Amino acid sequence: MKKIILIAFIFFAQYTNAQAALFALLFGKKVASENFNVGMEFGIPYATISNAAGTSSKTGITFGIAGNIKVNENWSVHPTAYFLNKRGGKFDELSLISNDLELNDKFQNVPTELTLNYIDVPVFVNYRFTNSQFKMGIAPQISFRTGSQAIFSNPQGDFETSIKDVTNSIDLGMIFQVGYVFYSEKFDKEIHAQLRYFQGFNDIYDNSFIDGSNQSSYIGVAFSFPFLAKTESDE
């Protein structure tokens, strides 16, 4: 039953990706108030596989929408859904495991690039310092895997294959962020720039594929565009 619910959630989120973005663009201003508004977010994570030997970072991309709920002058809550999130890592040496023994022999202990596709659902709690443009925050995050690929490389070429069957379906972790709020006179909008660090709690891959600890982590930048014009009280 849990698997059916997870599959239904992933299918719904993927199907509604474009619809959610269109809704935010068309109705963001109409539902906006000082205490609640929605906005668009995109970011660039620089990800790797934590604690796994012989790894390096991989640049990814995130895109989604966020709700912005103002609690008081300092505190706010931001439930967010990233319908597009690509991250992963690079291994200096990794071996292909497939049903084709001849193919396996060609890609033993070779450089390998891993790409993970997720739907991320973090809930940020932010604190904005009094009379300041700076803020900081923390968020628990649950990520639902939608795809997992590996590209094995040898001197003769590359071999790309899906590795969803050895990738865990859910990733749990925490995000820590510091941010700065800009104001655009031209567009009469706030722009929030954040520096983020994410650390996953559980292993990403089965031990049959990667032996030992292999949590996901990344450091990255993210930009938020709330659909709310600057109010007189903000000036």
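Reader: Which way do strands E4 and E5 run relative to each other, and how many bridges join them?

Author: In this predicted model, strand E4 (residues 61-70) and E5 run antiparallel, and 8 bridges join them.

Reader: Where do the side chains of a strand point?

Author: In a regular strand they alternate between the two faces of the sheet.

Reader: Now the rings. What describes a pair of aromatic rings?

Author: Two values do: the distance of the centres and the angle of the planes. A search of the whole structure finds 9 aromatic pairs. Among them is the pair of Trp 75 and Tyr 127, with 4.9 Å centre to centre and 65° between the planes, which is edge-to-face. Trp 75 belongs to strand E5 and Tyr 127 to strand E6, so this pair links distant parts of the chain, 52 residues apart.

Reader: Are Trp 75 and Tyr 127 buried, exposed or partly exposed?

Author: Buried means under 20% relative accessible area and exposed means over 50%. Trp 75 has 40%, so Trp 75 is partly exposed. Tyr 127 has 25%, so Tyr 127 is partly exposed too.

Reader: Why is the pair of Phe 134 and Tyr 180 edge-to-face?

Author: Planes over 60 degrees apart count as edge-to-face. The planes of Phe 134 and Tyr 180 stand at 70°, with the ring centres 4.8 Å apart, so the pair is edge-to-face. Because Phe 134 lies in strand E7 (residues 134-154) and Tyr 180 in strand E9 (residues 170-184), the pair ties together parts that are 46 residues apart in sequence. Phe 134, at 48% relative accessibility, counts as partly exposed. Tyr 180 also counts as partly exposed, at 28%.

Reader: Which residues do ring pairs link into a cluster?

Author: Phe 42, Phe 223 and Phe 225.

Reader: What sits over the ring of Phe 198?

Author: The charged end of Arg 87 does, 5.1 Å from the centre of that ring.

Definitions and conventions:
Residues numbered from 1 in each chain as written. Predicted model: local features only at pLDDT ≥ 70, side-chain atom pairs only at ≥ 80, totals over all residues. Heavy atoms only, no water. Pairing = 2+ DSSP bridges. Helix = DSSP H or I, 4+ residues; strand = E, 2+ residues; numbered from the N terminus. Phe/Tyr/Trp six-rings, centres within 6.5 Å; stacked < 30°, edge-to-face > 60°. Buried < 20%, exposed > 50% of the residue type's maximum accessible area, 1.4 Å probe, protein only. Lys NZ or Arg CZ within 6 Å of the ring centre and 35° of its normal.
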